[in-house]
Amino acid sequence: MKQLLKDNSRELSVVVAIVLMFLIFGTIEPIYLSANNIRDIIEQATIYGLMGIGITGVIITGGIDLSVGSVLALVGAVVAQMTVAGVHPIICIIIGLAFGFTLGTINGILIAKLGLQPFIATMGTMSIYRGLAYVVTKGYPVLGVPDTYRKLVDGELIPYIRVSVIIFFLFAVFMYVVLKKTKLGTYVHSIGGNEEATRLSGVKVDKYKTLIYGLAMLGTALAAMIQIGKLGTGDPTTGQGYELNAIAAAAIGGTSMAGGRGTIHGTVLGAILFAGLKVGLIVMGVDTFYQYIATGLVIAIASYIEVVQTKLSSKPKLSTKFESKSEA
């Protein structure tokens, strides 16, 4: 039990932060604690969380993906057009997932096979994918997404529980298993810890890096399809700045931006904290401009806490120092 608490100390600190956040916002604005508001927080967390869960694996490898917002727009535009054209919703979802995985795989190939820096490669594809979203839609929102599709991805499965929330937690479980129980997950952590040593040990680093970038965009594709279900439209301008939200969810949840460390349940908690913060600021009437500042501050603070925890965990204990001197 003690070891379990120690291994999940960062996640526990996020749980404490969530509780404090609810107490503070709830005291200032009691409506914040209403059932409808809590439901809004969880539903907002699905979009940030799906993107954050996907990108967690990428960040653990020491990489980054700045194209998530553009992928959200492009996949959303393509799927929205298919639904309006009368394609069966299930086929739209399958094609949307395959399309998102392909876009992520392209990012992975540019980084793993061609040797481009993740920041540069995904900044380039961010612009390309956004441009394609405008080309596909001719610059206009795709209106009239059918109700059959909207109910399938965002209808109420049972009272107060939407399908989108179920999809969010199912994808979290899927990625948890991938990163915790599979060979891919082991290699992802190993690559983030020391890529060259992993390569020299015979691991096909390029293959696994490409695969994790593809899986990252599966989460974003799911987020895109849920968003057009919520809004009833596919908008080429949507998702701008969402890469910041995805990175924030992962960083708040304890994923090291230096690579090698991170958990899916931490990112889920990070997404809930992040969504709760944004909703709290809205409830208090804080201007959108200051919400951007708050978001940046939260990421900076989360990164600093990660740095401090890393230093403390690597610092030898006093007893160990004493024993070493005694042996000398």
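**Reading the open and enclosed spaces**

Tutor: Let us begin with a pocket: the lining of the second largest pocket receives at least two residues from each of α3 (35-60), α11 (205-231), α12 (242-252), α13 (264-283) and α14 (288-314), where helices (H or I, at least four residues) and strands (E, at least two) are DSSP runs numbered from the N terminus. This is a predicted model, in which local features need pLDDT of at least 70 and side-chain atom pairs count only at pLDDT 80 or more, while totals for chains, interfaces and linings use all residues. Residues are numbered from 1 along each chain as its sequence is written, and side-chain values use heavy atoms, with hydrogens and water left out.

Student: How is such a space found, and which residues lie nearest the centre of the second largest pocket?

Tutor: Rolling a probe the size of a water molecule over the atoms shows where empty space is left. On a 1 Å grid over the protein atoms alone, a cavity is a set of points where a 1.4 Å probe fits but cannot get out, whereas a pocket is an open set with protein on both sides within 12 Å along at least five of seven lines, and lining residues have an atom within 4 Å of a point. Here 18 residues line the second largest pocket, and Q44, Y48, Y242, N245 and K278 lie nearest its centre. Its volume is about 520 Å³, counted as the space filled by probe spheres set on the points, with grid points joined across faces, edges and corners.

Student: How many cavities of 30 Å³ or more does a search of the whole structure find?

Tutor: The search finds one. The largest cavity has a volume of about 50 Å³, and α11 gives the largest share of its lining, four residues.

Student: Is T122 buried or exposed?

Tutor: Buried means under 20% relative accessible area, exposed over 50%, and partly exposed in between (1.4 Å probe, protein chains only). T122 is buried because its relative accessible area is 0%, and its place is in helix α6 (residues 118-137). Leaving aside neighbours within four places in sequence, T122 is in contact (heavy atoms within 4.5 Å) with I64, D65, L66, S67, N107 and I111.

Student: Where is F171, and what is its relative accessible area?

Tutor: F171 is in helix α8 (residues 163-181), and with a relative accessible area of 6% F171 is buried. Setting aside neighbours within four places in sequence, F171 is in contact with L50, I53, G54, L215, L218, G219 and L222.
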